[in-house]
Amino acid sequence: MVRYFTRLRMRRIYKWGGRPYIFDRKLKSYGFEYLNMSVEGQEAVTTVTPGQYILIEGNDDEYPFVAKLLKFFGDESHKQKKALVQWFLRLSEVPQNKKLLLGRSPHPQEIFYYLGRACDNEINAESILGTVDVQHVPEDTPFPEPGTKDTLYVKLSWDTKAFNVLDPVLMQDTPASTPPKPALPLFPPCASPTATPVSRGPVRRALPTPDPTVMRRAGSVSDTRATMSAGKRSTLEAESIHSASKLSASKILSAKRRGSAADTPGVRKKLQLSIGASPGKKMTRADVLCELLDEEMESEKVISLKLSSSVSHSLQHGCSLSPMRSGCKTPNGQRRFPWKLSSISLDRLSPTALGEQDLSRATTPSRRKESAMAIRKPALGVLAEEDSEDSPMQPIALTPRSKRKSAQLVSLRIRKQLNLLDNTQELISDGDDDCFVPSKKDLQSSSDEEKTDSEEETRGRNCKTSVRTPCKTPSKKKDLQSSSDSEEETMVRKTRGRNGKASARTPCKTPSKKVTPSTPRHATPSIPSRTVPARQPGNILEEARARLHVSSVPESLPCREQEFQDIYNFVESKVMDGTGGCMYISGVPGTGKTATIHEVIRCLQHASDMDEIPTFRFIEINGMKMTDPHQAYVQILQKLTDQKVTADHAAALLEKRFSNPAPKKETTVLLVDELDLLWTRKQNVMYNLFDWPTRRHARLVVLTIANTMDLPERIMINRVASRLGLTRMSFQPYSFKQLQQIITSRLNKVKAFEEDALQLVSRKVAALSGDARRCLDICRRATEICEHSTSHPSSAGLVRMNHVMEALDEMFSSSYITAIRCASLQEQLFLRAVIAEFRRLGLEEATFQQVFVQHRALSRVEGLQPISVSEGLAVCQRLGACRLLLLEASRLDMLQRVRLNVSQDDVLYALKAVRD
Amino acid sequence: MCTLSRQRKGSIHELVQMILRERFCHQRLPEKPVGMESQHKHLLELLRRTAVHGESNSVLIVGPRGSGKTMLLNCVLRELLEVKDVNKNVLPVHLNGLLQTDDRIALKEITRQLNLENVVGDKVFGSFAENLAFLLEALKKGDRSSSRPVLFILDEFDLFAHHKNQTLLYNLLDVSQSAQAPVAVIGLTCRLDVLELLEKRVKSRFSHRQIHLLSSLSFIQYLDNVRSQLSLPQDFPDTNFYDEWNDGIKTLCEDQSVVDVLQRHYNSSKDFRSLHLLLMLALSRVSASKPAIKPTDLLEASRVCMVDSKANILHGLSILELCLIIAMKHLNDIYEGEPFNFQMVHNEFKKFLQRKSHSIHNFDKPVVIKAFEHLQQLELIKSMDSSTAKIQKEYQLMKLLLDHSQIMEALQKYPQCPTDVKQWAMSAFG
């Protein structure tokens with residue numbers, strides 16, 4: 001890859017080129033045709049025009065971000081230069097754990113079409129580094145030889161969940177010669193993220209299913225039906241939009257953005273272009289359109305609509321000619337693109353188109369007002385429309401994604417109303433029902449299929465065709481039939497046919513793709529796998545033991561509800577807002593700190609999978625799992641970007657990453673376990689960890705865990721403690737009731753313990769430490785004792801009091817007394833001599849020489865042959881090795897001082913029992 | 001004919017020596033560990049569950065030196081590996097706190113024993129940090145049901161607790177408490193207070209299972225053990241000799257003097273290692289001409305074992321050095337164990353010379369200093385203050401590392417010790 005301007009440390013100069021056109025009157029923004037870039041002091045001028053692929057300055061100089069430029073706009077003064085882009089991802093930007101989904105080794109020049117929504121696609125035009133060549137490689141063809149270094153290849157798309165085959169249509173190049181327009185067909189998908197918070201839900205849902213089968217299927221139903229189904233979809237859409245809007249905490253932001261982008265005349269113009277001659281009132285719903293456009297749905301219906309309505313409405317808009325244009329383009333190479341998009345958009349809008357043939361234009365202004373409203377506007381606006389239009393909607397299989405009650409309530413209300421309305425439209429919807437339901441199912445199944453496909457791809461990708469073909473063929477047939485009775489021209493069929501072909505082709509070709517053995521950069525070893533599989537627990541006690549193992553992940557974490565909720569709220573709010581923050585969590589070991597956080601993260605991940613919150617990344621480091629505090633940087637960087645660098649370099653890279661405004665950024669949640677070990681004399685590691693979240697662009701949430709409550713005060717210097725902030729939480733040791741609840745919930749109805757036995761364990765542990773690990777270990781040991789105590793392993797009954805008592809004894813009783821009792825005679829004598837000498841001296845310390853004199857006297861009393869000094873020393877050393885005695889270094893020989901490590905009473909008690 | 005039989009006899013003795021030496025020195029595992037059945041069962045069950053069910057565990061085997069911790073563990077491992085399913089399923093990793101003195105070395109050793117280093121060629125042995133990350137990654141990738149259980153055997157466990165931050169222990173115990181590759185961490189230690197050495201977060205991750213090996217062997221059992229240790233195995237080729245030898249051992253163990261010697265040893269320590277030392281000394285006296293162990297052999301061996309280590313040094317001293325030691329003894333008596341310097345010793349010695357000038361040659365001061373230094377080199381006396389450089393040799397404070405009894409005993413046995421010197425030593429003051 002060539003070096004870009006950044007490397008040269010030169011100022012780049014950006015100038016607008018071409019004639020500005022008004023983009024948004026309100027915001028006084030202007031669109032521009034192209035951008036001239038030059039490096040200060042150099043002659044060469046690079047011109048960037050929309051439609052080109054560009055490199056954007058990022059964290060990594062080697063690998064800048066790649067995107068397709070869609071549009072330039074700026075303000076009146078020409079100071080602010082903005083651009084809208086469609087992002088592409090490099091593999092290194094895909095989260096670590098998702099990389100495996102690719103299932104093959106990536107091509108070094110490979111990039112992925114980004115279908116996610118987490119990235120802001122409005123960038124500062126001055127971060128553009130230059131242009132790059134991007135080629136679309138069809139799914140079935142291998143990558144070209146990596147001869148041309150500067151060409152990137154795109155084959156798949158990435159929607160933050162899975163890699164999908166990229167629809168070639170999305171990548172169709174548009175001629176760069178006709179400036180603002182070439183970008184237009186692509187605009188809708190990119191415009192949607194500008195309205196991100198609102199459109200999140202639907203877009204997300206729509207994205208994984210750019211499935212041609214859906215389109216075909218939808219095409220198979222008759223015009224009206226298609227309309228209906230589309231209408232229904234949009235209801236769903238509307239509901240989820242609504243819930244999404246309620247969810248989001250960053251709605252205001254989105255509204256603002258919408259104002260700047262979605263509502264601008266330019267956008268509207270473009271939308272109309274692609275929509276063709278849709279009813280005029282759609283102008284106001286640019287943002288809704290945007291999402292709708294994303295969803296690729298059936299085509300023919302659209303065309304018919306378009307043709308029918310275009311005549312009447314075309315005059316209203318400046319660009320009303322566009323449908324014609326798109327139609328004209330179809331025969332040549334680029335026809336597919338605009339064609340398809342228009343079809344999509346129309347399809348989504350069709351309910352209104354149909355339902356409101358008599359729609360007066362008077363409604364438009366009011367809607368416009370609505371759209372100016374900030375938060376709930378889009379969702380409610382849509383809802384209102386749907387209601388007033390009394391479109392035949394029947395929310396079958398309504399599955400509100402949001403768990404929030406309010407959202408569910410609202411959707412319920414809507415459903416009721418719609419049902420009422422539905423009755424009036426029974427005639428239309430009647431014939432539709434049977435068709436619609438399956439089509440809905442199909443929709444799901446097809447996306448399911450997609451999912452399984454991607455899974456299979458990762459494994460073997462050999463059975464793919466077999467999965468797909470059966471459901472595909474009939475649908476294709478249907479497709480053809482239905483197309484024949486549609487009034488539309490052959491042109492339509494051609495297009496559809498091609499679409500169908502393209503999709504049909506994909507699965508067949510996939511198996512042929514070679515799976516090259518992956519050679520990852522950092523080979524990680526694994527423990528060899530076992531030849532005989534691990535045996536599953538056989539009886540109740542074994543089952544109980546498996547459940548009680550600390551490592552087994554419980555279904556829920558009882559007794560930490562409050563802490564869970566606090567942490568959840570904290571992280572959730574930060575993720576939603578895209579801000580950063582720190583939290584300090586303390587508690588003695590075994591009180592569930594790490595487990596609770598993992599549970600929180602699990603829930604949040606789930607929520608983000610359900611599109612309730614934006615995606616985020618979770619990274620975990622542990623102070624104990626690194627050799628040096630500075631390794632923290634290395635580990636964080638490696639988990640973020642899979643780079644392996646030295647600590648200093650990693651610190652620099654992270655610093656850059658967290659302080660530079662990068663447009664593509666999801667929130668990072670960093671868990672720092674055993675924080676106290678990251679202490680260094682200058683505390684720069686801690687300082688950085690707590691400083692990064694405060695940066696404006698960092699989007700970093702840091703959760704720290706340590707054992708001591710006052711760690712910030714004790715070991716941190718002021719500037720570090722201040723950055724850590726006061727968001728603190730301390731986990732109290734478990735009380736006996738909580739411990740009991742923990743065990744019971746783990747056992748989960750496996751009846752292995754007597755109630756009293758459980759209570760004894762939990763009371764004992766609660767009194768000593770409140771450590772849940774201890775509690776579980778004791779219970780585990782008790783099951784073992786119980787199993788051994790009965791002769792038949794199968795007939796082992798309940799764990800009773802005595803078993804638990806034995807386990808407790810084993811774990812808690814001190815072994816010193818037994819050790820003294822089991823010591824040899826001379827050793828016992830020596831201990832007595834030690835005590836005798838202590839009494840004589842009145843001190844708790846004596847030299848060996850002094851004790852030995854006592855020892856000799858005692859052995860004379862006991863009638864034993866006195867031992868030599870060497871033997872005496874050996875006895876002393878043995879006691880010292882057991883730590884019954886504490887000794888000085890043995891090179892002091894006879895002068896080493898002796899102390900007792902046990903209390904004198906214990907020794908006397910133990911020795912007395914021996915003599916008795 | 002005669003030579004042939006002698007040769008055969010000689011070879012028989014060599015065979016006996018070989019069998020018994022292997023028993024005493026090579027720590028050959030007994031068929032079944034004696035006196036620790038419950039501990040054996042506990043440990044075997046525990047490791048079996050790790051091997052078969054993939055259950056992670058951690059356990060400490062605690063017992064005084066020579067109590068058979070390693071023997072027990074090895075017996076259990078041997079038994080475990082005899083089970084067919086387990087045989088190829090476990091990966092034992094042996095570490096010793098005396099060999100792996102820090103975590104870096106320990107990590108390399110673990111990587112080597114797990115045969116992981118071939119995965120990445122020589123790259124593993126990069127930095128310490130990489131090593132740790134590498135190993136943790138490896139363990140993390142495993143899971144309970146599919147990866148082979150790893151048995152980490154940490155001999156001298158207490159020494160691992162002295163490593164910086166207890167990183168290794170934390171990580172091993174953490175793996176044993178989380179759903180990663182199944183591991184069993186087995187620590188062997190003689191320290192009863194080993195748990196107090198662990199940091200609290202490390203301690204919390206340890207399962208608190210301790211198997212205590214405290215031998216409560218009675219003297220009768222001890223005697224039985226001696227007999228069985230000295231007896232020849234049943235598959236001995238020469239049955240005549242076998243009977244003869246074993247009968248000899250039986251009578252030996254019934255001999256009163258032998259019983260007394262063994263009782264003395266038993267009183268001193270119950271562990272088998274010191275017993276083996278004693279028996280080894282006795283065994284080495286067996287030869288072709290002397291085909292059995294006699295009670296005298298055992299008595300002699302016992303004498304060698306029990307002998308005071310300093311007695312022999314004292315026997316080799318010159319009269320002058322002996323005189324200095326006696327002078328020191330008197331100083332100790334007078335000043336009740338307070339340290340002395342050369343000058344004081346020399347004065348004491350000169351007083352003795354003035355009284356008994358005829359019996360001992362008058363030595364010059366440099367000669368006496370030399371003798372004094374020699375005693376220091378033999379570590380019979382020890383300098384008290386560490387900063388020796390500043391003070392003149394004559395005035396350095398010293399302490400005597402000998403007991404009265406040792407001095408008197410040495411004087412009794414010293415060849416041709418002048419009577420005056422003896423009397424001086426026995427007199428109460430100077």
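Where in chain B is the place of Leu91(B)? Here are my notes, starting with that one.

1. Leu91(B) sits in strand E2 of chain B, residues 91-96. A strand here is a DSSP run of E with at least two residues, a helix is a run of H or I with at least four, and both are numbered from the N terminus. Before going on, keep in mind that this is a predicted model, where local features need pLDDT of at least 70, side-chain atom pairs count only at pLDDT 80 or more, and totals for chains, interfaces and linings use all residues. Residues are numbered from 1 along each chain as its sequence is written, chains are lettered from A and ligands numbered from 1 in the order in which they are written, and side-chain values use heavy atoms, with hydrogens and water left out.

2. Is Leu91(B) buried or exposed? Leu91(B) counts as buried because its relative accessibility is 12%. The cut-offs are under 20% relative accessible area for buried, over 50% for exposed, and partly exposed in between, using a 1.4 Å probe and protein chains only. Leaving aside residues up to four places away in sequence, Leu91(B) touches residues of both chains, including Ile527(A), Pro528(A), Leu114(B) and Val150(B). Contact means heavy atoms within 4.5 Å. Have a look at Val183(B) too: its C-alpha is 9.3 Å from that of Leu91(B), though the two are 92 residues apart in sequence.

3. Now zoom out to chain B, which has 21 helices and 7 strands. Of its 430 residues, 53% are buried. Take the contacts in chain B between residues at least 6 apart in sequence: 73% of them join residues at least 24 apart.

4. Next, the interface. Chain B puts 93 residues into the contact and chain A puts in 76. Together they bury about 7,100 Å², with 52% of that on carbon and sulfur atoms; buried area is the accessible area (1.4 Å probe) that two parts lose on being put together, summed over both. Leu192(B), Arg201(B) and Asn267(B) supply 9% of the area chain B buries against chain A, more than any other three residues.

5. What holds charges together across this interface? The rule finds 10 salt bridges between chain B and chain A, a salt bridge being a side-chain nitrogen of Lys or Arg within 4 Å of a carboxyl oxygen of Asp or Glu. One of them joins the side chains of Glu784(A) and Arg209(B), at 2.7 Å from N to O. On the side of chain B that touches chain A, the largest share, 10 residues, comes from H2(B).

6. Inside chain A, Glu787(A) and Arg545(A) form a salt bridge at 2.8 Å, N to O. Glu787(A) is in helix H29 (residues 772-789) and Arg545(A) in helix H19 (residues 540-548) of chain A, so this pair ties together parts 242 residues apart in sequence. Both Glu787(A) and Arg545(A) are buried.

7. Compare the salt bridge of Arg602(A) and Glu599(A), 2.3 Å from N to O. About one helical turn separates them, because they are 3 residues apart in helix H21 (residues 593-609) of chain A. Arg602(A) is partly exposed at 42% relative accessibility, while Glu599(A) is buried at 12%.

8. Last one: in chain B, Asp297(B) and Arg285(B) form a salt bridge whose closest N and O atoms are 3.9 Å apart. Asp297(B) is buried, with a relative accessible area of 2%, and Arg285(B) is partly exposed at 38%.
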